[in-house]
Amino acid sequence: MSKKRPLECALDATVSSARTKMVLVVMARRGNQSGICFMSQRSIASEANCSVKSVERAIKELIGRGLIEEVVPRPKSRRSKTYRLLIIDEGDSQVDAGGPSIGRY
């Protein structure tokens, strides 16, 4: 079974509005393959063509629906809020998603 990319998963997600979908798509597009997005809400708003307040509402909905989660930053970190997309398709369930693999490069 092939693994879906974050953007494909975002497009398939069910949300309440086109604006919320656009916020999720921007986050998926700018996030890494593991679903981590380091964008500020202002940057998300700029790319989604909406206000920061709309992004705040969308993020609140996405967290409530279990589609993303906020990652707690390290103390004294100056980074933007970090979000993890929980919509990532993990592919084949037989693949071990546990700890580090020994001998794999």
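Helices H3 and H4 lie roughly perpendicular to each other, in a model that is predicted. Their axes come within 8 Å and cross at roughly 105 degrees, a value that falls in the range of 65 to 115 degrees and therefore counts as roughly perpendicular. The chain as a whole has 4 helices and 3 strands, and from the N terminus on these elements follow the order α-α-β-α-α-β-β. Of its 105 residues, 34% count as buried, and among contacts between residues at least 6 apart in sequence, 54% join residues that are at least 24 apart.

**Helix H4 and its helical partners**

- On the side of H3, which spans residues 41–48, and H4, which spans residues 52–64, the contact is made by Gln41, Arg42, Ile44 and Ala45 of H3 together with Val52, Val55, Glu56 and Ile59 of H4.
- Sorted by class, this contact of H3 with H4 consists of 5 nonpolar, 1 polar and 2 charged residues.
- Helix H2 (residues 18–30) also packs with H4, at an angle of about 80 degrees and with the two axes 9 Å apart, which makes H2 roughly perpendicular to H4.
- From H2, the residues that make this contact are Arg19, Thr20, Val23, Leu24 and Met27, and they meet Ser54, Val55, Ala58, Ile59, Glu61 and Leu62 of H4.
- The contact of H2 with H4 has 7 nonpolar, 2 polar and 2 charged residues by class.
- Val55 and Ile59 of H4 take part in the contact with H3, and Val55 and Ile59 are also among the H4 residues in the contact with H2.

**The sheet and what packs on it**

- The 3 strands form an open sheet in the order E1-E3-E2, and their pairing is antiparallel.
- Strand E1 (36–37) and strand E2 (68–71) stand at the edges with a single partner strand each, so that one side of each has no neighbour in the sheet.
- H4, besides its helical contacts, packs on the sheet, where it touches E2 and E3, and the direction of H4 makes about 110 degrees with that of E2.
- The pairing of E1 with strand E3 (residues 82–85) is antiparallel and extends over 2 bridges; in it, Ile36 has Arg84 of E3 as its bridge partner, while Cys37 stands opposite Tyr83 of E3.
- E2 and E3 likewise run antiparallel and are joined by 4 bridges, and here the bridge partner of Glu70 is Tyr83 in E3.

**Cysteines**

- Cys37 counts as buried, with a relative accessibility of 0%, and Cys9 is buried as well, with a relative accessible area of 7%.
- The number of disulfides comes to 0, where a pair of cysteine sulfur atoms within 2.5 Å would be needed for one to be counted.

- Ala13 sits in the loop between helix H1 (6–12) and H2, and with a relative accessible area of 11% Ala13 is buried.
- Apart from neighbours within four places in sequence, Ala13 is in contact with Lys21, Leu24 and Leu67; of these, Leu24 is also one of the H2 residues in the contact with H4.
- The C-alpha atoms of Ala13 and Ile87 are separated by 7.7 Å, although these two residues are 74 residues apart along the chain.
- Glu61 belongs to helix H4, and at 18% relative accessibility Glu61 counts as buried, the cut-off for that class being under 20%.
- When neighbours within four places in sequence are left aside, Glu61 is in contact with Val15, Ser16 and Thr20, and Thr20 is also listed among the H2 residues in the contact with H4.
- Asn49 lies in the loop between H3 and H4 and, at 68% relative accessibility, counts as exposed.
- The phi of Asn49 is near 60 degrees, a positive value in a residue other than glycine. Most residues other than glycine have a negative phi.

Conventions
Residues numbered from 1 in each chain as written. Predicted model: local features only at pLDDT ≥ 70, side-chain atom pairs only at ≥ 80, totals over all residues. Heavy atoms only, no water. Axes fitted to C-alpha atoms, helices over the stretch in contact; angles between N-to-C directions. Parallel < 35°, antiparallel > 145°, perpendicular 65-115°, else oblique. Contact = heavy atoms within 4.5 Å. Nonpolar A, V, L, I, M, F, W, Y, C, P; charged D, E, K, R; others polar. Buried < 20%, exposed > 50% of the residue type's maximum accessible area, 1.4 Å probe, protein only. Pairing = 2+ DSSP bridges.
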